[in-house]
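Please open the model in your viewer and show it as a cartoon. Keep the selection tool ready.

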Amino acid sequence: MDFDAVVLAGGGSTRFGGTDKALLVVDGMSLLDRALTATSAARSTVVVGPERAVCREVEWAMEEPPAGGPVAGIAAGLTKGESPVVVLVSCDLPWLTKAAVTGLVEGLGDHDGYGLRDTGGREQRLAAAYRRTALASALEAIGDPRDKSVRRLFAELELAWSEPTRSGDDVDSWADLEA
């Protein structure tokens with residue numbers, strides 16, 4: 001099944017003291033390049049955030065106005081591509097794999113979205129495949145996306161989740177990265 005990828009890479013990295021989290025390196029590759037490698041089967045890929053040197057060709061987008069939060073980033077990213085399925089990932093998933101992304105797309109079934117759970121069982125809404133129409137409807141319903149809650153955006157969607165997996169583990173702090 002064809003899919004487009006939206007990679008969120010525009011956060012302020014405040015828990016990393018302002019260090020650009022997308023450029024942190026794990027096993028010789030930046031977090032952003034790891035996300036781009038995992039989503040390389042996408043028909044089109046847009047990275048939402050400031051332009052950086054990356055491992056493959058992508059489109060770039062910025063939320064308007066900048067620093068509007070992840071929901072504003074999702075809205076900016078959804079303006080690109082046309083595939084009926086959108087794989088939405090944040091750039092802070094160092095263990096995301098191509099196989100996990102394939103599993104997201106294949107697991108979508110009749111659901112509005114199908115996402116990963118991290119090893120602790122937490123649902124990762126920013127590591128999921130969504131039907132473009134469902135995501136667009138959720139964005140329309142929420143109105144101005146600036147500073148809106150990710151949970152609120154997805155509250156009315158019918159979502160299903162994987163079993164806990166390391167592919168769903170994100171890094172929100174130096175301690176997460178060191179673990």
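The stops below go from a strand to its neighbours and then to some side chains. Keep in mind throughout that this is a predicted model.

**Stop 1: strand β7.** Select residues 113-117, which make up strand β7. Colour them by burial: four of the five residues are buried, so the strand is mostly covered.

**Stop 2: strand β8.** How do β7 and β8 pair, in the parallel or the antiparallel sense? They pair in the antiparallel sense, over five bridges. To see one of these contacts, select L116 and then its bridge partner in β8, Q124. Now follow the chain from β7 to β8: the two strands form a hairpin, with five residues between them. In the turn, pick G121, which has a positive phi of about 90°.

**Stop 3: strand β9.** Select Y114 to find A160 of β9 opposite it.

**Stop 4: an aromatic pair.** Show the side chains of Y130 and F154. A search of the whole structure finds one aromatic pair, and this is where to look: the ring centres are 4.7 Å apart and the planes are at 10°, so the pair is stacked.

**Stop 5: a charge over a ring.** Finally, select R166 and W95. The charged end of R166 sits over the ring of W95, 3.8 Å from the ring's centre.

Methods. Residues are numbered from 1 along each chain as its sequence is written. This is a predicted model: local features need pLDDT of at least 70, side-chain atom pairs count only at pLDDT 80 or more; totals for chains, interfaces and linings use all residues. Side-chain values use heavy atoms; hydrogens and water are left out. Rings of Phe, Tyr and Trp (its six-membered ring) pair if their centres lie within 6.5 Å; planes under 30 degrees apart count as stacked, over 60 as edge-to-face and the rest as tilted. A charge sits over a ring if NZ of Lys or CZ of Arg is within 6 Å of the ring centre and within 35 degrees of the ring normal. Buried means under 20% relative accessible area, exposed over 50%, partly exposed in between (1.4 Å probe, protein chains only). Two strands pair if DSSP finds at least two bridges between them.
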